[in-house]
Amino acid sequence: MTVTFRKEIAGALGDANLASALGRFYEAYPVSRAKAWQGIDFEAVRTRIAEVKGHAAGRLAELAERFAKEAGARGAKVVLLKSPEEVRRYVVDLAREKGVKRVAKSKSMASEEVHLNEALAEAGIDVRETDLGEWIIQLAGQRPSHMVMPAIHLTKEDVAEIFSKEVGERLSTDIPRLVKVARKELRSAFLEADMGISGANVAVAETGTLVLVTNEGNARLVTSLPRIHVAIVGLEKLVERLADVVPILTALPRSATGQLLTSYVSMITGAAPNTDGTPKELHVVLMDHRRTEMAADPVFKEALQCIRCASCLNVCPVYRHVGGHVFGDVYTGGIGTILTAWTGAMERSKEIQGLCIQCGNCVGVCPGKIDIPELIVEVRRRQVQEKGQPLVQKAIFKVVNNRRLFHSVLRSASLAQKPFEKDGFVRHLPLFLSGLADFRSLPAIAEAPFRDAFRAIEQRVVRAEEPAAPGAEARRMRKAAFYAGCLIDFAYPGMGGDVVKVLNAGGVEVTFPETQTCCGAPARYSGAYEVAAQNAIDNIEALLAEGAEWVVSACPTCTTALRHEFARSLRSTGRTEWLAKAEALAEKVIDFSSLVTKLVDEGSLHIDPKKVPPVTYHDSCHLKRTLHVSEEPRALLRKAGHEVVEMKESDTCCGMGGSYSLKFPEISKPILQKKLANIRDTQASAAVMDCPGCVMQIRGGFDKSKDPVEVQHIARLLARAVADPAGDGSEP
């Protein structure tokens, strides 16, 4: 990562205005979006969009040809151009040929992508953006920071300053006054323009129709008043039929800004006459710029389902803090990372792809059903394939992939930490390591890992004489292989003990396969699929050898890796001979709360409600959004006697993100601080979660701030509420 990029991040994080503007929108957006989607089946709509756009992506050449034929029959001139250079040349040459002196533009990301404004300006042509946000950005000499709201990062004070310089008059921050100034200044742009340039939200092959969605009406003026209209349309905007527009128009305003509908929907089919009766020239530039390559790629074809609503930005905890000038290029946020990689700015993509924290928040709101985090991981994989792993990363994964060496290193580290460890925390580190413990205390590496402690656990499995409920299987000895993961094994062995205690109370014997190793998630999320595939193979061998009914994990990231990602890593690296075993393992894998819920529901496990204080619950990213588990742990806490006080943004990432907090501590810190504030606001005595990584982050944050809030894995609270089959009642 370059020093320049680090400075960009620091500058964004230090911008109080940016934090305020993005913070307000981030909090307001989910509320307005939920209201906008009331009464509409979002899943049905986005499934239809994925079908429509996916179908079109597989037939781009055919649809482009049909669109050209239909639009051409209605008086339009349609050209298919491959590169940004060809697009710029076509528009500039056309302007020169027609004697164009002034151009009025409506909002067009495609024109931003090819840097058209700069090319026209170099040719001596005056270009005026007419979308209010785009005009503000143009006057400021900046690029958009959001795909729908380009000036979201600017305050009214910023805008007043920008407008004051433009009109030569000191303006106040009165918003109606600023809008009036903008309307007056832009009116001449529409009336004096010789050429209008627009994009399009959809292009319909069946009828040759362009569909434009706006809130300000400027697109109608740009496309109707000037004598020449040029529409620059990416091939991904093509759909086959006019009926295919309906789900896109349903989703776009609701997903973009939480509106029921936008103010204007314009459909342009062929060339309309000018106001003086002369025929208007309509030029439609269908732009490829590697879109056909993307469509031919079996993985990245999915990205062409994007409708450019920017909902992925609106829910991204990283974008919330750094904005689009850092997290993006022409296109911003998670989807921007993918589009940037494919539209030529690979060097920029190499930097911004690392900003994705893999929380998956974008997946649930994307109306195109695009798995953006998975595609970003694929970008990383291909970058590793092309350039190789960084030397430090390669050395780390070489150690991690050697189970005996990795465990030896961790055991040695438990001794080396002694001068810095107190009360189970490492609160300060020396020299270049100091930043790692700057905003949170780190857990001390356990003197004895769970794999050692497990041997000393005397399991006394509770077995009832008679089934406690219809269908219960309490008489049969049941067995679960426990996959601990690195944090429980080497930092939180007590969590492992709690898991064993609760499962024993439910009639389940727990085994611990000692040859289990890292789940491979750190390697996979870094693009090192070969390392992740080897981790998968080692764990498949270890866990299937137990012959257990379940393979249970108390870490959602590990559970996700075992259930979903082993097969992906093996398939991507050609290790297909292991796929059947990976799938057999996946069938057995279950997260801790889901297994406990199953045992309770069938009557094998009894949780004794006690008089206990209220708690709040933090939804770990992988548990809620990948494993779709959220109500189960809350129900278990209530059964144990706890009132569950819901915190604000309970399912927003805590900033841990595996190794993310080590790579980007400056971003992890404000994300964590927001989470801590939301927990404090509940006034609950404890914050509970299902993820040891989240425990590490949140418990460390509260310890650093000397806050008395208790932070626990749910296994600890449930262990307190069940009978103690081992009889020791300890909380290691």
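**Entry 1: cavities.** Before looking for holes, I wrote down what counts: a cavity is a set of grid points where a 1.4 Å probe fits but cannot get out. I also noted that this is a predicted model. How many cavities of 30 Å³ or more does the structure hold? I found seven of them.

**Entry 2: the largest cavity.** I looked up its volume, and the largest cavity comes to about 120 Å³. Its lining has 14 residues, and the closest to the centre are Cys 312, Cys 316, Gly 334, Cys 356 and Cys 362. Next I sorted the lining by class and got 10 nonpolar residues, four polar and no charged. I then asked which helices take part: H18 (361–365) and H19 (372–387) each give at least two residues to this lining.

**Entry 3: the second largest cavity.** This one has a volume of about 90 Å³. I listed 15 lining residues, with Cys 306, Cys 309, Ser 311, Cys 312 and Cys 366 nearest the centre. I was pleased to meet Cys 312 again, having noted it beside the centre of the largest cavity. By class, the lining of the second largest cavity splits into 11 nonpolar, three polar and one charged.

**Entry 4: H2 against H12.** I moved on to helices. At what angle do H2 and H12 pack? H2 (residues 16–36) and H12 (residues 245–256) pack at about 150 degrees, and their axes are 8 Å apart. From H2, the contact uses Phe 25, Tyr 29, Arg 33 and Ala 36, while H12 brings Arg 254, Ser 255 and Ala 256. I sorted the residues of this contact into four nonpolar, one polar and two charged.

**Entry 5: H3 against H12.** H12 also packs with H3 (residues 42–57), here at an angle of about 120 degrees and with axes 9 Å apart. Why do I call H3 oblique to H12? Angles of 65 to 115 degrees count as roughly perpendicular and those over 145 as roughly antiparallel, so the angle here makes H3 oblique to H12. I also noted that the crossing of H3 and H12 is left-handed. On the H3 side I wrote down Phe 42, Val 45, Arg 48, Ile 49 and Lys 53, which meet Pro 247, Ile 248, Thr 250, Ala 251 and Ser 255 of H12. This contact has six nonpolar, two polar and two charged residues.

Key: Residues are numbered from 1 along each chain as its sequence is written. This is a predicted model: local features need pLDDT of at least 70, side-chain atom pairs count only at pLDDT 80 or more; totals for chains, interfaces and linings use all residues. Side-chain values use heavy atoms; hydrogens and water are left out. Axes are lines fitted to C-alpha atoms, for helices over the stretch in contact, and angles run from 0 to 180 degrees between N-to-C directions. Helices (H or I, at least four residues) and strands (E, at least two) are DSSP runs, numbered from the N terminus. Contact means heavy atoms within 4.5 Å. Ala, Val, Leu, Ile, Met, Phe, Trp, Tyr, Cys and Pro count as nonpolar, Asp, Glu, Lys and Arg as charged, and the others, Gly among them, as polar. On a 1 Å grid over the protein atoms alone, a cavity is a set of points where a 1.4 Å probe fits but cannot get out, and a pocket is an open set with protein on both sides within 12 Å along at least five of seven lines; lining residues have an atom within 4 Å of a point. Grid points are joined across faces, edges and corners, and a volume is the space filled by probe spheres set on the points. Angles under 35 degrees count as roughly parallel, over 145 as roughly antiparallel, 65 to 115 as roughly perpendicular and the rest as oblique. A crossing is left-handed if the near helix is turned anticlockwise from the far one by less than a right angle, and right-handed if clockwise.
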